[in-house]
Amino acid sequence: MRTPAGGTRSGVYAYGVNTRTVTADVGLEPADGSEALAALTAAASELEASQQPAWPDTAALAEVIETLSSYPPLVFAGECDILTDRMAKAAVGEAFVLQGGDCAETFASATADNIRDRIKTILQMAAVLTYGASVPVVKIGRMAGQYAKPRSSTVETREGVTLPAFRGDMVNDFAFHETARVPDPQRLVRAYHASSATLNLVRAFTTGGFADLRHVHDWNRGFVANSANQRYEKIAKDIDKAMKFMAACGADFDAMRTVEFYAAHEALLLDYERPLTRIDSRSGRLYDTSGHFVWVGERTRQLDGAHVDFVSRISNPIGVKLGPKADIDEVLRLIDKVDPNRTPGRLTFITRMGAGTIRDALPAIVDKVTASGATVTWICDPMHGNTFESPSGYKTRDFEDIVEEVRGFFEVHQSLGTVPGGIHVELTGNDVTECLGGAEKIIDSDLEKRYESLCDPRLNHQQSLELAFLVAEMLGQA
């Protein structure tokens, strides 16, 4: 694996420059993390990694890994450290996390309009949640890297034809023919460039005035003006009064023109994540510079597996998905593995239990983790435990189930005296018809009208905002 000039894959502090250049700029002595990087590389050949593509051309893969190793980081170590601090605040109720975005990004959807609309939706939701929680909302997008998905089967069969499963645009193409479904490592490079372009646009939107709280509130006033959403009018009016009060007091609205926004994705394809791991020249620690926050899914959180080993070696804030059958002893051992120093904000458990299961499955896990002395951030993923096939054959979710799981999440934490730290939602800024219900009353026959997801069904713009108002009500009652 080739390294940039300077001998180590360093330079997290500034885009892709070598250690000597970075330290000359910031007045620090270079920190040597080469041993940690060597250990990470060695583990790659020793541990089993589930849910990885069967790349047919290993030479082409090696060339792509070398290319990615030489590319600049997509995010900085310092940004990751700030997010760790924000997640630590959410763990103790001093912040609330909103994590949202596509189930699986596609190259075709990485357009300025789509990115803008996703950002707009998250900003609108965050404004409402901030009022409901009376604490800052940490905004994290499932974007700029969410190009791969785990699959329950390695193959897909249609009308007697069996081909490799679609694993996301980072691996192969959704089109159902043999050439399209062959895993192509060049797609890893394309994912890097798409993520880079996305992050550039996100930074422009969130620092250039688009995120101004006054604009965001105006958008939300338009949402409640719809007769279907009038039940949320009181919250909108209360926010409006608060905004007028701040203006009357001479509040610095210039400080509200920009927001912090972080990028997250599942650390699934290790042939992408490992080459983008860098040594922070300030500390000598490793960071996965493909995103600020990465998580390990239900299918890849084996204690002796490559994914858990990988996230245990990097210094980003880490998430781990927990389903209703999560073994409590394994969860405690995960904490020891990923967060041995018990660093606040380091570890987040993203629970995905199902609306009918969460009240029974979650309490014992939260109770045992709390009793262990670990401080983790608890986030509710109300999407993945509530997926089913509609009578018309579409993979879908019911809005009421999603709301009910969030409600159960809050009830469990309230009963235990613990902190519900945030929500993790699959959403889009577009007016798709992929999830049933909501104020718009999407029914099964509507799904075919605008079902655009290539993987899991997402809340549309209106449903996302409705969820935010409902969660704000829950936060106000907590």
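How many nonpolar, polar and charged residues are in the lining of the second largest pocket, by class? The lining has 20 nonpolar, 2 polar and 4 charged residues. Here Ala, Val, Leu, Ile, Met, Phe, Trp, Tyr, Cys and Pro count as nonpolar, Asp, Glu, Lys and Arg as charged, and the others, Gly among them, as polar.

## Basis

This is a predicted model: local features need pLDDT of at least 70, side-chain atom pairs count only at pLDDT 80 or more, and totals for chains, interfaces and linings use all residues. Residues are numbered from 1 along each chain as its sequence is written, and side-chain values use heavy atoms, with hydrogens and water left out.

## Second largest pocket

The volume is about 620 Å³. A pocket is an open set of points on a 1 Å grid over the protein atoms alone, where a 1.4 Å probe fits, with protein on both sides within 12 Å along at least five of seven lines; lining residues have an atom within 4 Å of a point. Grid points are joined across faces, edges and corners, and a volume is the space filled by probe spheres set on the points.

The second largest pocket is lined by 26 residues, and Thr-130, Pro-136, Val-137, Lys-139 and Val-259 are the closest to its centre. Helix H5 (112-133) is one of the elements that give two or more residues, as is strand S2 (137-142). H5 supplies the largest share, 5 residues. Helices (H or I, at least four residues) and strands (E, at least two) are DSSP runs, numbered from the N terminus.

## Largest pocket

The largest pocket holds about 730 Å³ of space. Its lining has 28 residues; Pro-150, Arg-151, Lys-395, Cys-455 and Asp-456 lie nearest the centre. Strands S3 (155-158) and S13 (395-397) are the elements giving two or more residues to this lining. S3 gives the largest share, 3 residues. By class, the lining has 8 nonpolar, 7 polar and 13 charged residues.

## Salt bridges

The structure holds 40 salt bridges. Each is a side-chain nitrogen of Lys or Arg within 4 Å of a carboxyl oxygen of Asp or Glu. Glu-156 and Arg-181 form one, at 2.9 Å from N to O. Glu-156 lies in strand S3 and Arg-181 in helix H6 (residues 178-181), so the pair ties together parts 25 residues apart in sequence. Arg-181 is buried, at 0% relative accessibility; Glu-156 is partly exposed, at 24%. Buried means under 20% relative accessible area, exposed over 50%, partly exposed in between (1.4 Å probe, protein chains only).

Arg-282 pairs with Asp-280, the closest N and O atoms being 2.8 Å apart. Asp-280 is buried, while Arg-282 is partly exposed. One network, built from salt bridges that share partners, joins Arg-142, Lys-149, Lys-395, Arg-397, Glu-426 and Asp-456.
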